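Here is a short briefing for a first look at a structure. Please view the sequence and the model before reading on.

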Amino acid sequence: MIAYRDELAELLGFESYAALDTHSGMAHNVERVEKFLVDLMAKSEKKEQAEYDLLKSDLPVGIALDADGKFNAWDIAFVKNAYKKKHYQLDERELAEYFPVDTALAGMLSIYEQFLGLKFEETMPDWAWHDEVKLLEVYDAVTHQLIGHLYLDLYPREGKYNHACYLPFRHAIHNEKRDVAALGIVIANFPKATADAPALFKHSDVETFFHEFGHAMHAVLSRTELASPSVKIDFVELPSQMLEEWMYNKDMLTLISAHYKTGKPFPAELIEKKIALKKFDSGRFVRCQGVLSLFSLACYQAGQNKDLDAITKDLSARYSHNIRFEPEAHHYAAFGHLNGYGAKYYGYMWSKVFALDIFYEIKKNGLLNPVMGQKYIKAILAHGGAKDPNEMLKDFLGREPNQDAFLDALGLN
């Protein structure tokens, strides 16, 4: 794959596939991406080391460091979970009791309605592939104009796609000759009620729905003249990542929660713990994502023959100071994003930085402020992929975007 893509880049006049791939993205060139990644790696190094020092100070039984004081890579998840369980005492099953599925879904849709100036009406579809599938009609709350349809296929069943995503069926088109409403589907696999227990969302389920529904709103509220102008890969996650932040806000969590027995909203002390946990492992998260992003770039630099183990070892020596390098791991063999995302794996963290910049700007004016919602639609969502994201960000923010919000949200400043 690497060899063929290098050949493709050469045929198209680019020095490397990385240059070709980033040229079509928001970043435009490899140099800008590398500077972005190296800068974030430096800013997260101190916090990552502090996190590893904490983990090393309280090792679970049966876990040992090597002679150089490094972890085996396969122990990290276990060590981290043991530390969180011991010191944060946060039981995700207890949290789920505050998110009955029907209550949480209604609350989340209400947030979208208030912020974006919409009205959702659930209808029975004339046709659907399963009797649990629902259909939402999406209206402008002021003009009452129908602007889209969304199928919701939210529960698991045999043979169904087992992750979460938004998929378009029909793209919105708005020009002098045609006015076509979007039609799409939000797919998830949330828990269902049983004879012994009600259907309850985990907090991660709540976050997942808010994320995928953000993709749906990006599609429904697009106002482009052509169908499906592709949103740049290093920007496409921004609207959804931005909206995830709603689910770490005290006021928003209160709106969507009600204990399935008592009806009480999500307790403030549990919200504080969730926010603290979000920052707990942020240094390591940024560094891990940075290494994967730099690896994907290195794979697609000029040249058809790459020693992927050597690239892995070099990045490990530069950035993974607390993890023992394992020469037999060959992690790239399971790194599926090397295919679909190519050299642009950096897009996840790239878009997260800008997503948080936008979120902080909205938060200053109120997360349910419909004026901010309309500004967000007009500056970002309505353009789909028809405008350079760099321009859209400046239009919304009124300035050049920066990393300040990202660093603050992850406790890196």
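What is the order of the strands in the open sheet? The order is β1-β2-β3-β7-β4, in an open sheet of 5 strands with mixed pairing. This is a predicted model, where local features need pLDDT of at least 70, side-chain atom pairs count only at pLDDT 80 or more, and totals for chains, interfaces and linings use all residues. Residues are numbered from 1 along each chain as its sequence is written, and side-chain values use heavy atoms, with hydrogens and water left out.

**The sheet**

- Helices (H or I, at least four residues) and strands (E, at least two) are DSSP runs, numbered from the N terminus.
- Two strands pair if DSSP finds at least two bridges between them.
- Strands of a sheet pair through backbone hydrogen bonds, either parallel or antiparallel.
- The edge strands are β1 (118-123) and β4 (165-170), and each of them pairs on one side only.
- From one strand to the next, the twist averages 25 degrees.
- Angles run from 0 to 180 degrees between N-to-C directions, and axes are lines fitted to C-alpha atoms, for helices over the stretch in contact.
- β1 pairs with β2 (residues 134-140) in the antiparallel sense, over 6 bridges.
- E121 has E137, in β2, as its bridge partner.

**Helices on the sheet**

- Helix α6 (residues 101-116) packs on the sheet and touches β1 and β2. Contact means heavy atoms within 4.5 Å.
- The direction of α6 makes about 145 degrees with that of β1.
- Helix α7 (residues 203-220) lies across β1, β2, β3 (146-153), β4 and β7 (182-187).
- α7 runs at about 150 degrees to β3.

- Y112 lies in helix α6.
- Y112 counts as buried, because its relative accessibility is 2%. Buried means under 20% relative accessible area, exposed over 50%, and partly exposed in between (1.4 Å probe, protein chains only).
- Beyond its neighbours within four places in sequence, Y112 is in contact with G117, F120, F210, F213, G214, M217 and L243.
- Y112 and M217 are 105 residues apart in sequence, yet their C-alpha atoms are 8.9 Å apart in space.
- A polar atom of the Y112 side chain lies 3.1 Å from the backbone nitrogen of G214.

**Aromatic rings**

- Rings of Phe, Tyr and Trp (its six-membered ring) pair if their centres lie within 6.5 Å; planes under 30 degrees apart count as stacked, over 60 as edge-to-face and the rest as tilted.
- The count comes to 29 aromatic pairs.
- W129 and Y151 form a tilted pair, because their ring centres are 4.9 Å apart and their planes are at 55 degrees.
- This pair links distant parts of the chain: W129 is in the loop between β1 and β2, and Y151 is in strand β3, 22 residues apart.
- W129 is partly exposed at 31%, whereas Y151 is buried at 11%.
- Y346 and W350 form an edge-to-face pair, because their ring centres are 5.8 Å apart and their planes are at 80 degrees.
- Y346 is buried at 0%, and W350 is buried at 2%.
- One aromatic cluster is formed by Y112, F120, F190, F201, F209, F210 and F213.

**R284**

- R284 lies in helix α12 (residues 282-299).
- R284 counts as buried, because its relative accessibility is 18%.
- The side chains of R284 and Y52 make a polar contact (3.0 Å). A polar contact is a pair of N or O atoms within 3.5 Å; within protein, one must be able to donate a hydrogen and the other to accept it, and residues adjacent in sequence count only if both atoms are side-chain atoms.
- Not counting residues up to four places away in sequence, R284 touches E48, E51, Y52, I76 and K80.

**G384**

- G384 sits in the loop between α16 (370-379) and α17 (389-397).
- G384 is buried, with a relative accessible area of 7%.
- G384 touches H218, S222, T224, V231 and M392, leaving out residues up to four places away in sequence.

**Cysteines**

- The structure holds 0 disulfides. A disulfide is a pair of cysteine sulfur atoms within 2.5 Å.
- C288 is partly exposed at 32% relative accessibility, whereas C299 is buried at 0%.
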